[in-house]
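Take a look at the model below. The report that follows goes through its parts one by one.

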Amino acid sequence: MFQAFLNGSRPYFKLIGGANFTDMRALRYLATVYTLAGADLIDVAALPEAVEAVRSGIRDARQVGASAAPVIMVSATFDDDPHCRLAVQDPGVCTGVCSPCRQACPHDAIDEALRVVVDRCVGCGLCVPACPYEAIALVQDPQAPDLEAVHRAGARALELHTGSGGLETLEAWREPVTSWVASGGLFALSVNPTQLAPEALHAVIETVKGWLGLSGWIVQADGKPISGEAGLRSTAPTVQLAAEILERHPGLAVQCAGGANSHTAWLARQRGVAIAGVGMGSVARAIISADATDHEALARDPGRALVDPVVVADVRAARGLVRAVHAPEEVHP
Ligand code: SF4
Ligand code: SF4
């Protein structure tokens, strides 16, 4: 079922909803738009509600003509992984009247009352240095996923973000991961070079190779996690890391993420790095212009995807990003 991801004729596109992003209406909308745009995978928080929101969005897209349904992936995190962070304001310090934090947040996760909206915060940390009173800190908010429940809800791929990659913590995942793969699921291991020194990073990969062998799973080279940057410079670390992983572990499938954007597949091709796919999170969400009202309207009437100017523009923008991965030589800016 997953051979197309592992050794397909072209790189796949993965939409990253965010391991901590739980605005379900927004997730449903993103799923509709990116299914219509041709995304291959949609990666969300490891919660049954998040998987169901994505399924609803995919169903809406299929109703209005999407030719294929993306595979739903869920992301689980080690306790110290940056993907499970949340911004928290200190009410004793926050003035509640200035707004640099709100202006700095690219995810619309600080509301008009200048409070962090927990279900939209992805833990990027951009609000922290923006606050002149040091009133915001990032805290870890790890979830213990119920893999049976997310599988029942429709997830068929599991991604594990290793944080600083403690081998003891990793060992605790051996049984869940091998069971997931044995029951036909796809597995991905996300490694982060900002937390793992090169030898530790390769040791984590070696450990999972010991569980699963070389084929049937993916390593995510998370070059610059949650950077949200669109430039060529931002994407170089993930392509470089993918090259290093492929050189050290030939035969593995490697996907780029963390600083990945419309340049990534093109840069990989230029450098002769045979990546399996590209995952985009902040960049993929930032090109969407719809608001909560649009999310609700589309969920009530999926037919709007074909006529509502906001949705049509969002699908067009998403299609451009997907195309930059599927056919980078055709559309590279
Ligand atoms: S910038 Fe800082 S002090 Fe001002 S509202 Fe935001 S968190 Fe509070
Ligand atoms: S800037 Fe980032 S960390 Fe801060 S509230 Fe927004 S999403 Fe959360």
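How many residues of domain 1 are in contact with how many residues of domain 2? 18 residues of domain 1 are in contact with 13 residues of domain 2; contact means that the C-beta atoms, placed from the backbone, lie within 7 Å.

## The model

This is a predicted model, where local features need pLDDT of at least 70, side-chain atom pairs count only at pLDDT 80 or more, and totals for chains, interfaces and linings use all residues. Residues are numbered from 1 along each chain as its sequence is written, while chains are lettered from A and ligands numbered from 1 in the order in which they are written.

## Two domains

Domain 1 covers 3–81 + 144–331, and domain 2 covers 82–140. These bounds come from an automatic or database domain assignment. Taken over C-alpha atoms, the domain centres are 25 Å apart.

On the side of domain 1 that touches domain 2, β3 (71–77) and α12 (282–286) each supply at least two residues. Helix α12 gives the largest share, three residues. Helices (H or I, at least four residues) and strands (E, at least two) are DSSP runs, numbered from the N terminus.

## Around ligand 2

Ligand 2 is surrounded by 14 residues. The closest are Ala87, Cys105, Cys121, Cys124 and Cys127. A residue counts if its C-beta atom, placed from the backbone, lies within 6 Å.

## Helix α10

The buried residues of α10 include Pro237, Val239, Leu241 and Ile245. Buried means that 20 or more other C-beta atoms, placed from the backbone, lie within 10 Å of the residue's own. Their cover includes α9 (198–212), β8 (217–222), β9 (253–257) and α11 (264–270).

Conventions: Contact = placed C-beta atoms within 7 Å. Buried ≥ 20, exposed ≤ 12 C-beta atoms within 10 Å, placed from the backbone.
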